[in-house]
Amino acid sequence: MQISEITPIDSNYPDSLREIPSVPKTLYFLGELPNRPTVAIVGARRPTEYGKRVTYQLASELASAGIAIVSGLAYGLDSIAHTGALDAGGQTIAVLAGGLHKIYPAGHRNLAIRILQSGGGIVSEYPEGMPSLRQYFPARNRIVSGLSLAVIIPEAEASSGSLITAKFALNQNRLVMAVPGNITSPTSAGPNNLIRSGAIPVTNSSDVLAALDLTTADAKPTAQPKSKEEALILELLEKGINSSEDLIQASELGASQFANVITLMEITGKVRNLGAGQWVAR
């Protein structure tokens, strides 16, 4: 894919990034920029099973509610957050600390490809050819939080780099949220300390939506039908008619015409195939 670049004067430059201190002068990206409300999930590179499970659950539930998940493509909870969003059929954005000519870490190249194939994006402020140097990662974190309405820390040690993202979030007037954990676990020290300092405790995705004053309907981007047939199918799906057989009967479309329309809707991201002839609107 060709790397695109935009600056703050371009209309498609994310409004949220225009608001932060040290606005990225140029943003390079592959794929798509966020087109819906965004939440960052970042955390430990060596998480516990608890942290993995909680992160996956939050990411998948928020993505299902229409939230785009932002993270850093790193090993550990970052990659699990991306994966949870993808498995739910949602959009996820990865922010890198180097040029987009080379995915870092290299072990997540397939994950990066999956992000792009699923309508997400990979973003950096660094031009093609720039290596992912250690000193670039803290600056990268301000973009992770800057793209987001809130930052969630499921697990992180007390000195974790993930807490830098939380600090940026505070400076950017973003919400900071944390998942409470076992007080004897080193990877829960970071979130527990954040909660003690005023971060919003998160035990499920409803806590996040409530803190952001969003409902699932608010968060989900409105699918724009391209024809009266698409509009009819979306209307029927909203009424709870989900099977191909019932949709064909209720829409009074022929089987072949329905197959053509629903296939195009799936390709363009308006509906999701649950298998066994079941459909839902994205």
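This is a working chat about one predicted protein model.

Visitor: What sort of model is this, and how are its residues numbered?
Guide: This is a predicted model, in which local features need pLDDT of at least 70 and side-chain atom pairs count only at pLDDT 80 or more, while totals for chains, interfaces and linings use all residues. Residues are numbered from 1 along each chain as its sequence is written, and side-chain values use heavy atoms, with hydrogens and water left out.

Visitor: OK, how many helices and strands does the protein have?
Guide: The secondary structure comes to 12 helices and 11 strands, where helices (H or I, at least four residues) and strands (E, at least two) are DSSP runs numbered from the N terminus.

Visitor: Switching to the inside, which residues have the most contacts in the largest nonpolar core?
Guide: They are L17, L27, V70, L147 and L194, in a core of 26 residues. Such a core is a set of buried Ala, Val, Leu, Ile, Met, Phe, Trp, Tyr and Cys residues joined through side-chain atoms within 4.5 Å, and buried means under 20% relative accessible area, exposed over 50%, and partly exposed in between (1.4 Å probe, protein chains only).

Visitor: Which element gives the most to this core?
Guide: Helix 6 does, with 3 residues. A second, separate core of 22 residues includes I41, L58, A81 and V179.

Visitor: Back to L147, what is it in contact with?
Guide: Leaving aside its neighbours within four places in sequence, L147 is in contact with P14, S16, L17, T38, V70, I93 and V95, contact meaning heavy atoms within 4.5 Å.

Visitor: Is helix 5 mostly covered or uncovered?
Guide: Helix 5 is mostly covered, since 9 of its 11 residues are buried, including Y136, F137 and R140. The buried residues of helix 5 pack against several elements, among them helix 1 (15-18), strand 3 (38-41) and helix 6.

Visitor: What volume does the second largest pocket have?
Guide: The volume is about 500 Å³. On a 1 Å grid over the protein atoms alone, a pocket is an open set of points where a 1.4 Å probe fits, with protein on both sides within 12 Å along at least five of seven lines, and lining residues have an atom within 4 Å of a point; grid points are joined across faces, edges and corners, and a volume is the space filled by probe spheres set on the points.

Visitor: Which residues are closest to the centre of that pocket?
Guide: Of the 23 residues that line the pocket, these are G43, R45, S160, G161 and S162. Helix 5 gives the most to the lining, with 5 residues.
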